[in-house]
Amino acid sequence: KYKQIYLFAFNLKNPATMQDSPVVWVEVGGSILVPAQKMTKAEGNKAPMKIAGFSKKEIYQSTPGLSDLNTITVNLVSNIDYRVVLDVDQNSFHTEVRTMMIRITNLKGAASPTSLLSLTLKNVAAQRCLPLTAFWNQSTSNLFIAIEQGKNIVADAEMEFSFQLLNPDEPQLAPIVSIGADGIVSHVQLSDYAQATLASTTQMVVRVDLFRDSPLQIAGFCVRWIGQSTVSQTFRSFVQNTISVSIVPTVGFRPAEHQSITISGLTGSLTPDNSRLPVRVRSEVLTAPKATNPGRCCEVCGVGNLNSASHVLVVNG
């Protein structure tokens with residue numbers, strides 16, 4: 001009827017990924033047509049199809065050094081507001097939770113034993129929301145951050161914090177690190193508390209423009225092979241021995257940091273000292289012997305032989 005208010009509701013299943021509330025339209029079909037018009041949406045967490053998640057989830061480390069104490073820095077931005085309270089109001093399920101746990105998962109390789117780790121809260125948003133400690137489980141390679149009652153997560157406020165882990169004593173490529181959050185959203189008087197995924201587990205990212213390493217990316221070589229071209233003694237002037245080197249590094253070489261590669265132990269060579277020994281560098285697909293003792297790195301990155309592209313250093317001496 002004209003000017004009659006119609007109220008109705010229906011159920012939809014939310015997606016397992018974060019999203020902002022889309023533009024929603026209403027229209028009428030049939031003999032009397034009303035073209036699609038934008039609807040006025042509820043604000044904040046009540047906006048239709050606004051799905052919780054982290055709009056920013058960056059992570060990086062301070063050092064790739066073997067057995068170094070590594071500072072892992074995290075930058076997080078939530079797209080919704082959350083209040084962690086003792087007693088959730090039955091009309092506030094969209095903004096209140098009884099418990100909230102942030103999980104950073106798959107920090108594989110860290111040598112730190114299972115323990116409580118100190119969190120360094122680097123800005124005001126982190127200080128208002130996060131606790132001073134987190135629980136590290138070495139067996140699962142996961143870090144758990146329990147948000148305390150009375151704390152608030154504010155939408156679009158960037159939280160920056162860090163913690164320290166001990167690097168492994170062997171090189172490895174960076175594991176894929178993910179983040180998620182869950183909690184209890186039911187009213188305190190209900191006997192069956194509802195465990196809910198507040199933010200589904202998604203992969204974290206590293207800002208490439210900062211030239212940062214991914215967490216637990218440890219310096220070394222997955223493959224380090226060396227060979228030669230001849231076993232002949234030097235009794236003819238034309239005999240030259242070409243030493244070929246194939247390496248697959250786990251971290252990028254950075255000229256700005258004045259890095260150098262040293263091959264040592266080549267005893268017996270008659271080549272005199274030469275600060276400008278010619279070196280030819282090429283990248284190509286080779287058929288070469290399997291890597292011996294591949295170690296943890298090759299288990300992580302899947303390199304078992306040199307049939308893939310690698311940098312080859314050829315030294316004439």
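Start with the cavities: the count comes to one of 30 Å³ or more, a cavity being a set of points on a 1 Å grid over the protein atoms alone where a 1.4 Å probe fits but cannot get out. This is a predicted model, where local features need pLDDT of at least 70, side-chain atom pairs count only at pLDDT 80 or more, and totals for chains, interfaces and linings use all residues. Residues are numbered from 1 along each chain as its sequence is written, and side-chain values use heavy atoms, with hydrogens and water left out.

Select Gly53, Phe54, Ser78, Tyr82, Met100, Ile153, Ala181, Leu198 and Ala199 to see the lining of the largest cavity (lining residues have an atom within 4 Å of a point). Its volume is about 50 Å³, counted as the space filled by probe spheres set on the points.

Next, pick Lys56, Glu58 and Glu158, which are linked in a network of salt bridges (a side-chain nitrogen of Lys or Arg within 4 Å of a carboxyl oxygen of Asp or Glu). Between Glu58 and Lys56 the closest N and O atoms are 4.0 Å apart; between Glu158 and Lys56 they are 3.0 Å apart. Glu158 sits in the loop between strand S12 (152-153) and strand S13 (159-166) and Lys56 in strand S3 (residues 54-61), so this pair ties together parts 102 residues apart in sequence. Strands here are DSSP runs (E, at least two residues), numbered from the N terminus.

Now jump to Asp182 and Arg103, another salt bridge, with closest N and O atoms 3.1 Å apart. Both Asp182 and Arg103 are buried (under 20% relative accessible area, 1.4 Å probe, protein chains only).

How values were computed
On a 1 Å grid over the protein atoms alone, a cavity is a set of points where a 1.4 Å probe fits but cannot get out, and a pocket is an open set with protein on both sides within 12 Å along at least five of seven lines; lining residues have an atom within 4 Å of a point. Helices (H or I, at least four residues) and strands (E, at least two) are DSSP runs, numbered from the N terminus. Buried means under 20% relative accessible area, exposed over 50%, partly exposed in between (1.4 Å probe, protein chains only).
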